[in-house]
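Look at the sequence and the model below before reading on.

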Amino acid sequence: QDMIKDETILRAKVRKLVTQWSYSEAESLLIFMGMGKQAVPFLLEILSHHDESLLSRRVAAYVLSEIRDPESVDILIQVLKDSNQDVTMYAAYALGKIKGNRIGLEMMRALKDPYTRRNAAFVLGEIQYRTAVPVLLEMLQTKNEDTYFLGTIADALGKIKDVKAMNGLLHAFDTAKSVMLRRDIIAALGQMRSTRATGRLI
């Protein structure tokens with residue numbers, strides 16, 4: 001498609017597509033993909049403004065995940081600290097699609113923040129960041145920890161598929177008191193497709 005040179009027209013077009021998303025999601029996404037990186041600054045503008053509607057911010061994050069422009073990483077990382085958990089979830093999804101070593105490093109830092117750590121663990125799994133495995137395994141062994149967070153860690157380890165994590169996952173399975181967490185660990189081991197782990201759990 002031809003480049004839209006008028007910034008005002010481009011901003012208006014992006015906003016219109018975001019607003020009409022519920023009525024023509026597929027068509028709107030196709031148009032966004034045609035616009036490509038041109039749309040990114042205006043999508044980031046919508047995403048980072050708290051006075052925008054929740055739907056608009058979610059749509060902006062989703063479209064950014066499809067465009068996958070590294071230029072959007074800074075604001076997506078900032079949005080992980082947003083007060084709206086739906087928005088942070090979509091921002092994490094976008095980061096997981098964009099990938100890259102820098103995202104891995106930033107998510108390692110975000111693991112230390114109680115508010116961003118679950119999304120950070122999710123992203124680390126999506127980008128298969130092997131450097132995170134020792135830290136994730138250590139967190140998985142933490143007693144009296146939130147079960148949902150531990151389940152996200154187990155899922156991330158399963159997606160990373162590092163065989164070095166297997167013993168830690170098996171130990172976490174043996175010591176887990178939560179049925180839900182044990183199921184998450186089984187699913188993680190299943191993603192690793194290990195006959196050794198399967199035999200141990202049968």
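To sort residues by type, Ala, Val, Leu, Ile, Met, Phe, Trp, Tyr, Cys and Pro are counted as nonpolar, Asp, Glu, Lys and Arg as charged, and the others, Gly among them, as polar. By that count, the lining of the second largest pocket in this predicted model holds 6 nonpolar, 7 polar and 3 charged residues.

That pocket contains about 340 Å³ of space. Its lining is made up of 16 residues, and T142, K143, N144, T175 and A176 are the ones nearest the centre. Which elements give two or more residues to this lining? They are α10, α11 (166–175) and α12 (179–192). The element that gives the most is α11, with 3 residues.

The largest pocket holds about 510 Å³ of space. Around it are 18 lining residues, with T88, M89, R118, N119 and T152 nearest the centre of the pocket. Here the elements that supply two or more lining residues are α6 (85–98), α8 and α10 (147–160). Helix α6 gives the most to this lining, namely 7 residues. Sorted by type, the lining of the largest pocket has 9 nonpolar, 4 polar and 5 charged residues.

Now step back to the whole chain. How many helices and strands are there? The chain has 13 helices and 0 strands. Along its principal axes, the C-alpha trace spans about 60 × 30 × 30 Å.

The next topic is how helices pack against each other. Two packed helices are described by the angle between their axes and by the distance between those axes.

Helix α8 has a partner in α7. The axes of α7 (residues 101–110) and α8 (residues 117–126) come within 8 Å, and they cross at roughly 150°. These two helices are therefore roughly antiparallel to each other. In passing α8, α7 makes a left-handed crossing. The residues in contact are I103, G104, M107, M108 and A110 from α7, together with R117, A120, V123 and L124 from α8. Of the residues in the contact of α7 with α8, 7 are nonpolar, 1 is polar and 1 is charged.

The last pair brings back α6, the helix that gives the most to the lining of the largest pocket. Its partner is helix α4 (residues 54–67), and the two pack at an angle of about 10° with their axes 8 Å apart. Are they parallel or antiparallel? Angles under 35 degrees count as roughly parallel, which means that α4 is roughly parallel to α6. From α4, the residues L54, R57, R58, A61, Y62, S65 and E66 meet D86, V87, Y90, A91, Y93, A94 and K97 of α6. The contact of α4 with α6 divides into 8 nonpolar residues, 1 polar and 5 charged.

Conventions:
Residues numbered from 1 in each chain as written. Predicted model: local features only at pLDDT ≥ 70, side-chain atom pairs only at ≥ 80, totals over all residues. Heavy atoms only, no water. Axes fitted to C-alpha atoms, helices over the stretch in contact; angles between N-to-C directions. Helix = DSSP H or I, 4+ residues; strand = E, 2+ residues; numbered from the N terminus. Parallel < 35°, antiparallel > 145°, perpendicular 65-115°, else oblique. Left-handed = near helix turned anticlockwise from the far one by under 90°. Contact = heavy atoms within 4.5 Å. 1 Å grid on protein atoms, 1.4 Å probe; cavity = no way out; pocket = protein on both sides within 12 Å on 5 of 7 lines; lining within 4 Å. Points joined across faces, edges and corners; volume = space filled by probe spheres on them.
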